[in-house]
Amino acid sequence: MFRRRTLDRLDQMLDEAMNGTFCESDYDESRLSRTESKWKHFLGASVLARENIEKEKDRIKELVSDISHQTKTSMANIRLYTELLSENLEAESDTESMKENQKILEEINRQVEKLDFLIQSLTKMSRLESNIVMVEPKQQAVSRLLDAAIKDAIPKAASKEVEIVNTYTGEGKAVYDLKWTKEALFNVLDNAVKYSPKGSKIFVSVTEYELYTAISVKDFGMGIREEELAKIFGRFYRAQEVQQEDGVGIGLYLTREILRRENGYIKVISKPGEGAEFCLYIQTNGM
C-alpha cells in the first residue's frame with residue numbers, strides 16, 4: 001500500500017512537470033519519503049532550468065531583433081548617402097573624374113549589397129537555430145511556392161541572361177510553410193543562377209509521389225565534385241572552386257534546416273562540368 005502511494009505520488013509529480021504545473025511548495029518535505037524528496041528536488045531543478053532556457057531564448061530573440069533593426073537603419077543610411085553622392089557626381093564637369101568616382105560608388109553599392117545579404121542570412125540562421133521563428137507548414141498549392149520563389153530569382157537571372165523554365169503545370173498540393181519554404185527554394189535557384197553560364201537555362205520541375213512532392217532545380221553550370229557533395233550543406237562551407245563568387249555558404253544550410261523542420265529533405269545529383277540537380281522533398285500530406 002505504501003509503495004503504491006509512493007509510486008502514485010511520483011507519477012503525479014512527473015505529470016505536473018511535463019505539463020508545466022509542477023511547484024515544489026505544493027509538496028510537504030516532512031511527509032515525503034527519501035525517494036519522493038529526491039524526485040521533488042530533481043523536478044524542481046528541471047523546472048528552474050526550463051524557465052532559465054525560456055528567459056535566455058527571449059534575450060536572444062530581443063538581441064537578434066535589435067541587431068536586425070540597427071543594421072537595417074545603417075544600411076538604409078549608407079544607400080541614401082550613396083545616392084546623394086551619385087547625384088552630385090552627375091553634376092561634375094570633369095568627365096574622367098566623374099567616371100572614376102562613379103566606379104567607386106558602384107563598388108560601394110556592391111559591397112553594401114553583400115553586407116546586407118550576409119546580415120539577413122545570419123539573422124535568419126539565428127532565428128531558425130534558436131527556434132525563435134517556428135516553421136508552420138500547411139497544405140497548399142505547389143504552384144504557389146514555385147511562382148513565389150521564381151519571381152524573386154528572376155531579376156538576378158535576367159542580369160546574367162539566364163532563363164528559368166518552370167515546366168510544372170499541375171494542380172497538386174503539398175504541406176509547407178510558404179515564407180520559409182520559398183526561402184529554401186529561392187536559395188537553390190539563386191545558387192543555380194550564380195553558377196550557370198551566361199545565356200543558359202535552369203529547369204524547374206515537379207514529381208508527385210504518394211508521401212513526398214519533389215521539386216527539382218536543374219542547371220548546366222560547373223557542377224560539383226563527388227567529394228564536395230556531402231559538404232555543401234554545411235554551415236559556411238564553400239568549395240575551393242567558388243571562393244571568388246559572391247556568397248558566404250549559408251544558403252544551402254538554411255535550405256536543409258528549413259526542410260528538416262517540415263519533415264522534408266534535400267538531395268543533389270551532380271558531376272563536374274555537367275551541372276547540378278537539386279531535389280527538394282516536401283510532404284504531400286501531413287504525416
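This is a predicted model: local features need pLDDT of at least 70, side-chain atom pairs count only at pLDDT 80 or more; totals for chains, interfaces and linings use all residues.
In general, strands of a sheet are held together through backbone hydrogen bonds, and they can run parallel or antiparallel. For S6 and S7 the sense is antiparallel, with six bridges between the two. Within this pair, Val 268 stands opposite Phe 278 of S7.

The axes of H5 and H6 come within 9 Å and cross at roughly 145°, and the crossing is left-handed. On the H5 side, the contact is made by Trp 180, Thr 181, Glu 183, Ala 184, Asn 187, Val 188 and Asn 191, while H6 brings in Gly 251, Leu 252, Leu 254, Thr 255 and Ile 258. Sorted by class, that makes six nonpolar, five polar and one charged residues.

Asn 187 belongs to helix H5, which spans residues 178-194. Setting aside neighbours within four places in sequence, Asn 187 is in contact with Gly 251, Leu 254 and Thr 255. Its relative accessible area is 8%, so Asn 187 counts as buried, the cut-off being under 20%.

Now for the loops. Asn 263 lies in the loop that links helix H6 (251-261) to strand S6 (265-270). With a relative accessible area of 49%, Asn 263 is partly exposed. Its phi is near 65°, which is a positive value in a residue other than glycine. Another non-glycine residue with a positive phi is Glu 161, at a value near 60°. Glu 161 is found in the loop between helix H4 (142-159) and strand S2 (163-166).

Further along, Pro 272 sits in the loop between S6 and strand S7 (276-283). Apart from neighbours within four places in sequence, Pro 272 is in contact with Met 222, Gly 223, Ile 224 and Arg 225. Pro 272 and Glu 226 are 46 residues apart along the chain, yet their C-alpha atoms are separated by 8.2 Å.

Terms used. Residues are numbered from 1 along each chain as its sequence is written. Side-chain values use heavy atoms; hydrogens and water are left out. Helices (H or I, at least four residues) and strands (E, at least two) are DSSP runs, numbered from the N terminus. Buried means under 20% relative accessible area, exposed over 50%, partly exposed in between (1.4 Å probe, protein chains only). Contact means heavy atoms within 4.5 Å. Axes are lines fitted to C-alpha atoms, for helices over the stretch in contact, and angles run from 0 to 180 degrees between N-to-C directions. A crossing is left-handed if the near helix is turned anticlockwise from the far one by less than a right angle, and right-handed if clockwise. Ala, Val, Leu, Ile, Met, Phe, Trp, Tyr, Cys and Pro count as nonpolar, Asp, Glu, Lys and Arg as charged, and the others, Gly among them, as polar. Two strands pair if DSSP finds at least two bridges between them.
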